[in-house]
Amino acid sequence: MRVKPGDFQRLNLRCHALLSDVPLHDVWAIPLRGGGSGRTVQDARAIVFGNRPPANFAVRGLFALRAALGRTFGWDDERHSPSSASYVARLAEADRSRSQVAPGTREGRFRVLYVLGEEALSELRNATVHAFLALALTPSPGGYTLYLAIYVKPVSRLTTLYMALIDPFRRLVVYPALGRRAQQRWSRTYA
């Protein structure tokens, strides 16, 4: 499910220009069978980030550990996420008016930048990273492909070490579990 960044960068998406100064860290492609015509990234967002917590025990444990470390070291304090650092200010008026979710809306720890028909972009900033989550839903034979791309902008010397420490867990546990869950929920919802 992990794919080459070029596969994602070839897609005609707004995030490529908006995040031109942010390194693309990781890209995953999740095949979604069926779904019928007219599915949007909003459908995929509901499937991936619905109200239920992650079903996988290991993923829940990793999220709990990260939350505990964030509280202990103050990594997630609001002072590390000033609104002045948000990429919301970089949005063109066309981005703002077309977005199906108001830019700047908080969704958990993320801030929505925009949600368009086939593309969504959110950001998270704390003491460890300024990260961006781009989702793109594209039609494919027999269904859709959901691209999940992570961009990471360093915020301190801690960023490189932090990413090196969490990458194995993200790549071996979190994203594969997220992909399987998305496929299962998509099948149950749109089969």
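I started in helix 6 (residues 158–190) of this predicted model. Asp-167 and Arg-171 sit four residues apart there, so about one helical turn separates them. I checked the side chains and found a salt bridge between Asp-167 and Arg-171, with the closest N and O atoms 3.9 Å apart. The cut-off is 4 Å, so this pair is counted. I then looked up burial for both partners. Asp-167 is buried at 10% relative accessibility, while Arg-171 is partly exposed at 23%.

I went on to Arg-2 and Asp-26. Their salt bridge has its closest N and O atoms 2.7 Å apart. Arg-2 lies in the segment before helix 1 (5–9) and Asp-26 in strand 1 (residues 24–33), so the pair links distant parts of the chain, 24 residues apart. Arg-2 is partly exposed, with 45% relative accessibility. Asp-26 has a relative accessible area of 2% and is buried, because buried means under 20%.

I also looked up Arg-45 and Glu-107. Their side chains form a salt bridge at 2.3 Å, N to O. Arg-45 is in helix 3 (residues 41–48) and Glu-107 in strand 2 (residues 106–107), so the contact ties together parts 62 residues apart in sequence.

Last, I noted the total: the count comes to twelve salt bridges.

Conventions:
Residues are numbered from 1 along each chain as its sequence is written. This is a predicted model: local features need pLDDT of at least 70, side-chain atom pairs count only at pLDDT 80 or more; totals for chains, interfaces and linings use all residues. Side-chain values use heavy atoms; hydrogens and water are left out. Helices (H or I, at least four residues) and strands (E, at least two) are DSSP runs, numbered from the N terminus. Buried means under 20% relative accessible area, exposed over 50%, partly exposed in between (1.4 Å probe, protein chains only).
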